[in-house]
Structures are given as structure tokens and as C-alpha cells.
Amino acid sequence: MTGTANTTEILRLENIHVVHKARTGGLFRPDRVHAVNDVSLSVHRGETIGVVGESGCGKSTLARVMVGLQKPTSGSVFFRGTNIDRRSASTAKAYGKAVSVIFQDPATALNPRMSVHDVLIDPLNVHGIGSKAARESRVAELLALVGLPPSAAEVLPSQISGGQRQRVAIARSLALEPDVIVADEPTSALDVSVRAQILNLLTDLKVQLGLGMVFISHDIQTVRYVSDRILVMYFGRVVEDGTARQVFEHPADPYTRTLLGAAPGLLTH
Ligand SMILES: Nc1ncnc2c1ncn2[C@@H]1O[C@H](COP(=O)(O)OP(=O)(O)OP(=O)(O)O)[C@@H](O)[C@H]1O
């Protein structure tokens, strides 16, 4: 089936279910976990979709589906209107380039033995992009995009701060000029003092580069800060879906109201 994507839609998930075999099944425990239960969403250029919910509600599993790391048990993923299950090799390659991911903890996401330069040039080498000179200038460009000085290229990830490491991870995610970035709890492992800087950087990049973004967090205030639309997940299901304003001003679901009631001030945890 070919989807009916409009021109700005990059990614669409339709009725996604993911059922995991439980890690600790047993006599009185279910042997399966319905981690994602009938979730649909679409991501457009220049738009940030926030996905919020408590630990275990299925956010990371959904993120893994979006970036192609987890095959859904059922449901479809469309990339620019094409069902990626029926993708050709060229669509698969284009999808891999177009949708990139930023994980929670840059300390574990970056290879500790690779310099920042090597971290950034690696995807360009793997995808055979440009001449050697063009790749070197792309590394310099990526550092500038995320507000790091050229000298940062020479250091190891362990030699810079957590916030700077997350800037490197963001630069790496931009290396192949993606259309969509999926950011899974990108500020949760960072000091409170640098969280707002990273959120502002992501928002600026979204505008500057016209990216679509999926921003995943357990913290509804952080999600509000960056998102145009918000999806609230509860036990694998989307229980609320609306503009950030609608969700904050007129939450329809009791669970959303609980999240809003429980949320302390912006970026404090
Ligand atoms: N590979 C897996 N095998 C078995 N169960 C899994 C697997 N991955 C996730 N789960 C289970 O699926 C449910 C959803 O997990 P998931 O990590 O997607 O939620 P989350 O909202 O991202 O939570 P967290 O923020 O704690 O990672 C949880 O019950 C989790 O234990």
C-alpha cells in the first residue's frame, strides 16, 4: 500500500503495535508486554512532536520503531509515503539517512576511543559522501552548527563536558542531513544547568534546517518547551494528542491532568 502523504509529511506510523516477550515472565507474570499499542502519528518538516509518559509506557520502543531498530509486531511505517516494509534497497538507504536518532546518554552513545573528528566523519565515510576535502569541511561545519569550536575536533568524548558531548551527538545525528531527528530523552542525563541550552540548540536547528523532530521525555514541561504537538502515552497507548497549547490548557485525559499536576517547574528535574 502506498500512503497518501502530503508534501511536508516525512514519516507516518499507522496502528503500530509492538509486543515484547517479557524479560521476567513466570507463573503469575504475563509472558508478553504490549509495549506499543495501536499508535499512529505523522511527522512533518519543521514540526516537533513531543512524546511524553512515565517510565515503561513504551516511548523508547516507539522511538526504535521510528528509526528502524525495532520491527513492529503489526502496523506500518511510511517514509515519504512509501511503506518501508516493502522498501527497495534504495528506499532503505534513503530512510537510514533521513531519520536519525539522539539517545539519552552521550557518554555511552559515543565511542570513547574515537576523537570528535572521527565520530563526525565516520557516517560520511560509511555512506561514501563527498571527497575527502568535502568531508573535512563538513566536520567543521557540523561543529559550528552545534556551537563547538574547531579545536573540539581533536579531543576524545571523555575530555569534554556532558553538554558538549551531547552537542557532538547532535552534530553526528546531523551529519547525513536528515529530515527527521528522533531525540530520546536527550537532556535527561545532563546537568540541569545545560538542559535549556541543549533544548534551545535543538529548537534552533529544527528551524534553521527545517527538520522534523520527535522529542521523547518523561517530563511534560520539557516536552512543552520544544513541541508543537504533544502525544501522551500511558501503558503503550496514546491517550492524548493535540497541539501543545490544547494539551496544556484543555487536557482531555485524566492521566494528562495527573502528569500536569505532578510536573514541577520547567527543567528542574
Ligand atoms: N527488548 C525488550 N524485551 C522485553 N521487554 C521490553 C523490551 N524493551 C522494552 N520492554 C518493556 O516494554 C515496556 C516499554 O518499555 P520502553 O523502554 O519502551 O518504555 P519507556 O517509556 O521508554 O521507558 P523508559 O523511559 O524507562 O525507557 C516496558 O514494560 C519494558 O520493560
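This is a predicted model: local features need pLDDT of at least 70, side-chain atom pairs count only at pLDDT 80 or more; totals for chains, interfaces and linings use all residues.
**Around the ligand**

The ligand is surrounded by 13 residues. The closest are H20, A35, S55, S60 and T61. Two elements give two or more residues to this shell: strand 2 (32-44) and helix 1 (59-66). Helix 1 gives the most, with 3 residues. By type, the shell divides into 8 polar, 3 nonpolar and 2 charged residues.

After helix 1 comes G68, whose phi is positive, near 85°.

**Strand 1 and its partners**

Strand 1 (residues 9-21) pairs with strand 2 in the antiparallel sense, over 10 bridges. Within this pairing, V18 stands opposite V36 in strand 2. Strand 1 is also joined to strand 4 (residues 74-79). These two strands run antiparallel and share 5 bridges. Here H17 stands opposite S74 in strand 4.

Strand 9 (residues 229-234) has pairings of both senses. With strand 3 (residues 48-52), strand 9 pairs in the parallel sense over 4 bridges. With strand 10, strand 9 pairs in the antiparallel sense over 6 bridges. Strand 9 and strand 10 form a hairpin with 2 residues between them. F235 lies in that turn and has a positive phi of about 50°.

Particular residues mark these pairings. V232 of strand 9 is the bridge partner of V52. V232 also stands opposite E240 in strand 10. R229 has T243 in strand 10 as its bridge partner.

How many residues of strand 9 are buried? The count is 6 of 6, so strand 9 is largely enclosed by the rest of the structure. Both of its faces are covered. R229, L231 and M233 are buried on one side, and I230, V232 and Y234 on the other.

| Strands | Sense | Bridges |
|---|---|---|
| Strand 1 and strand 2 | antiparallel | 10 bridges |
| Strand 1 and strand 4 | antiparallel | 5 bridges |
| Strand 3 and strand 9 | parallel | 4 bridges |
| Strand 9 and strand 10 | antiparallel | 6 bridges |

**The nonpolar core**

The largest nonpolar core holds 68 residues. Its members that touch the most others are M66, V180, V182, A183, V214 and V232. Two of these names have come up before.

**A residue in helix 4**

I121 is found in helix 4 (residues 116-126). Is I121 buried or exposed? I121 is buried, because 22 other C-beta atoms lie within 10 Å and 20 or more are enough to count as buried. I121 touches R135 and V139, not counting residues up to four places away in sequence. V194 is 73 residues from I121 along the chain, and their C-alpha atoms are separated by 26 Å.

For D38, phi is near 65°. D38 has its place in strand 2. D38 has 14 other C-beta atoms within 10 Å, so it is partly exposed.

For R80, phi is near 45°. R80 sits in the loop between strand 4 and strand 5 (82-83). R80 counts as partly exposed because it has 17 C-beta neighbours inside 10 Å.

Conventions
Residues are numbered from 1 along each chain as its sequence is written. A residue is near a molecule or strand if its C-beta atom, placed from the backbone, lies within 6 Å of it. Ala, Val, Leu, Ile, Met, Phe, Trp, Tyr, Cys and Pro count as nonpolar, Asp, Glu, Lys and Arg as charged, and the others, Gly among them, as polar. A nonpolar core is a set of buried Ala, Val, Leu, Ile, Met, Phe, Trp, Tyr and Cys residues joined through C-beta atoms within 7 Å. A residue is buried if 20 or more other C-beta atoms lie within 10 Å of its own, exposed if 12 or fewer, and partly exposed in between; C-beta atoms are placed from the backbone. Two strands pair if DSSP finds at least two bridges between them. Two residues are in contact if their C-beta atoms, placed from the backbone, lie within 7 Å.
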